[in-house]
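Okay, thanks for coming, everyone. Let me put the model up and walk you through how it is put together.

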2 protein chains.
Amino acid sequence: MLTPADDRLAAMLPAGVLRDPAPHYTEEPRGRYHGMAGLVAAPRDADECAAIIRACAAARVAVVPRGGGTGLVGGQVMADGAAPLILSLERMSAIRDIFPEEAVMIAESGVTLQAARQAAAGVGRQFPLSLASQGSAQIGGVLSTNAGGVNVLRYGNARALCLGVEAVLPDGSVMHDLKRLRKDNTGYDLRDLLIGAEGTLGIITAASLVLAPVPAETGVAMLVVDSPAAALSLLALAQARMAGGVTAFELISGQSLHFLDAAFPDMRQPFAARPDWLVLVEVGLPAGLSADAALEGLFTAGTEAALVHDGVIAQSGQQGADLWALREHIPLANRHVGAIASHDISLPLSQVARFIDDAGAWLAGQGDMRVNCFGHLGDGNLHYNLFPAAGRTRDDYEPIRRDLSRGIHEMVVARGGSFSAEHGVGRLKAADLARWGDPARLAAMRAIKGALDPLGIMNPGAVLA
Amino acid sequence: MLTPADDRLAAMLPAGVLRDPAPHYTEEPRGRYHGMAGLVAAPRDADECAAIIRACAAARVAVVPRGGGTGLVGGQVMADGAAPLILSLERMSAIRDIFPEEAVMIAESGVTLQAARQAAAGVGRQFPLSLASQGSAQIGGVLSTNAGGVNVLRYGNARALCLGVEAVLPDGSVMHDLKRLRKDNTGYDLRDLLIGAEGTLGIITAASLVLAPVPAETGVAMLVVDSPAAALSLLALAQARMAGGVTAFELISGQSLHFLDAAFPDMRQPFAARPDWLVLVEVGLPAGLSADAALEGLFTAGTEAALVHDGVIAQSGQQGADLWALREHIPLANRHVGAIASHDISLPLSQVARFIDDAGAWLAGQGDMRVNCFGHLGDGNLHYNLFPAAGRTRDDYEPIRRDLSRGIHEMVVARGGSFSAEHGVGRLKAADLARWGDPARLAAMRAIKGALDPLGIMNPGAVLA
């Protein structure tokens, strides 16, 4: 049994780590969970973090780690049980070291993603993880949730960008494994076990991160396609033509464009008649190639193959940024409309187009609603969100909301897809994981959780319900 | 206490799985360990594999998984204790499926790396993992040891090329996780835990593998440099010029060339006077760029920066293959000479050149010997091998052999490097891991091993001594 974080625990903590338990420590962006805080503690280094964990273990108090608090599945807030200690990484916000010649950066967990990106840019490199929430999201959270974003197609998830971690394990020991090595086969992959474990197996306090060269030539285009199937064929064409040069390939639906019109009427859209489907293509190419010419070539080849009907190629950095802004404002436009339910799903690439057709057909039989399907097509990752029909409200759909999500997720799982592509499990999807997870895998997960955190103090209720 | 694999266990196994315990099942390439086999069993599918594991668990018999048997650290042979059951994956050798449009292949663990590469080539793709032993090495072993090779710089280790696994866990359950997804954040990363665990946490029976596009333009050059430091500067230059286009960057020492002369006198070498240091550069570029022009440009820029003194650029596929053949014959030439000790090490890139200097200086004080330092410079991965002085034999060095290796490894570890970059721990380096591994990480590894394999039947003695 866990006990509440109280004065008794406070007296056991290292001096000076307690923070005022301000409301933002118990909030999450969707407002679905109302978190509790018995205490808020912010360590200044891994040893102080370890001392806090040891105190919590001794007092049997739950620890909820807190980064930027931007997670969308409730992993950062505990809504019931004994009030936890919230462990904020906000004071561990140093870039400890940058090795430009190694293309490696050592960042503490409280560094925001944006600050990490700026630090990389400062030495002529890039940290190629890019999320809408990067101004707030912190490296520790980004790793603990194995965050994705728009450049996974080329550079991989957060997992692929981490060479090593410093972490505090549930027994209060500090694992020093900030390696800067591209090859190191010396035992079990604890790093990848902690990445994506959402704070349930330990606290990542710092990480050794991979930087990438800034491509000599970059370009952005927005191309009109008939269908998701055409978009996927265009993706294959682009990849065949540009080797690893396609750095983003985002699908945008006509519904996205209409929502942008409603939410941001002043935002300029490149196509007067809103097309049914668009793709946003970004390329990063070696010196000697013109990104403009490469995108022109893709446009021509796509047109000849009857995949592309119209398109714009950004002629300046500003134009490119404007095209990206359209994509990046879609989640805000969605919020403006108010979703009935949203789904962060992924599918095998060859199943994506069929799923969109089948899910649309199934939903049409469930009631009158609007679907905004958009996302990271190159990764098979769709944000498949349901909205009220015009003139209706989300409350009208409350009776069927859960069944709609269940139906969508069942169609995804049946096609070998995932019900959580990039957001993680948190508390929101712990029951989904219990339902759809492979039983042997779940049993192994529980065994590992029991072995590393026998007291069950680390972020209880997240991932494993 | 484990018991020997005997007739009692044989009677518990599924019908038809037993194989003749031929000598090759208990051999390893270095001949350092003389393995034992109580029984040899070869399942035809995961369920049969699971039944074998359950029988071994019930009888308390050790299981030693066997792929191609090419591992260099003794992970595939048990030399003492109760005779184990050797579990050969040789009959699980089907490519179950290929999805060219997804760039994914589902291969069983007994598929050789070469067969996997050929299957990918058959659909116009590549499986970009390339090892000298690929004709024998099998996918299961390649994953269980997280194998590396020459294209890690561009495509990553085996780990980076695996999207999911089917595996039999030590309790005899089958984990079905052959996902074909680029994004899937649904719980702990069991896949990466099994990858690199060298059969101590379960048996990978099949894997979902990433295929890559075949670059439109490829080229190979061999360039003469003054020093490893110059080679590293050239690498940075090449990467800045070609974004992700550098697919291999191998360091070759003058000693390598002399050993090649001795072992393969008919092999043509491009430079009459054997240089002290060479690099082999391979590039894979998008359509529209000429690999030849890119390598010419690198040569010119390298020359202007006083990094490169001479070079050849392959003018045909055959010439490129001939240059690669020189690199690939180095291990055979080494075997011809007979090493005192060999070290599969990695270092942070900025430490590589200094390490080579410092280690050479230290060794000069230890006795008269020859050093052949070569390997995957782009990954910071050196094969740093010691040989007798001309006219002497390896036996002359037997009294100091262990101290030499210990000294080398200590210098590596002190610089943040790894004592096993790509070969794994096996039995050969289990004591090294116990000595140099981070204590908190080792404790977590032992806890996980105890939780998943409480009877200790899975490849006992490998990784964790």
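So, starting with chain A: the domain assignment, which is automatic or taken from a database, gives domain 1 (7-88), domain 2 (95-213) and domain 3 (217-414). Between the C-alpha centres of domain 1 of chain A and domain 3 of chain A there are 38 Å.

Quick housekeeping. This is a predicted model, where local features need pLDDT of at least 70 and side-chain atom pairs count only at pLDDT 80 or more, while totals for chains, interfaces and linings use all residues. Residues are numbered from 1 along each chain as its sequence is written, chains are lettered from A and ligands numbered from 1 in the order in which they are written, and side-chain values use heavy atoms, with hydrogens and water left out.

Now, how do the two chains relate?

On to the interface. Counting contact as heavy atoms within 4.5 Å, 78 residues of chain A meet 79 residues of chain B. The buried area, meaning accessible area (1.4 Å probe) lost on putting the two parts together and summed over both, is about 6100 Å², and carbon and sulfur atoms give 59% of that. On the chain A side, Lys183(A), Asn185(A) and Tyr188(A) lose the most area to chain B, together 18% of what that side buries.

Keep an eye on Lys183(A), please. Lys183(A) also forms a salt bridge with Asp379(B), with the closest N and O atoms 3.1 Å apart. The rule there is a side-chain nitrogen of Lys or Arg within 4 Å of a carboxyl oxygen of Asp or Glu, and it finds eight such bridges across the interface of chain A and chain B.

Last stop, over on chain B: Ser173(B) is in the loop between strand S8 (162-168) and strand S9 (174-177) of chain B, where strands are DSSP runs (E, at least two residues) numbered from the N terminus. Leaving aside residues up to four places away in sequence, Ser173(B) touches Ala440(A), Ala167(B) and Val168(B).

That's my tour; over to you.

Terms used. Helix = DSSP H or I, 4+ residues; strand = E, 2+ residues; numbered from the N terminus.
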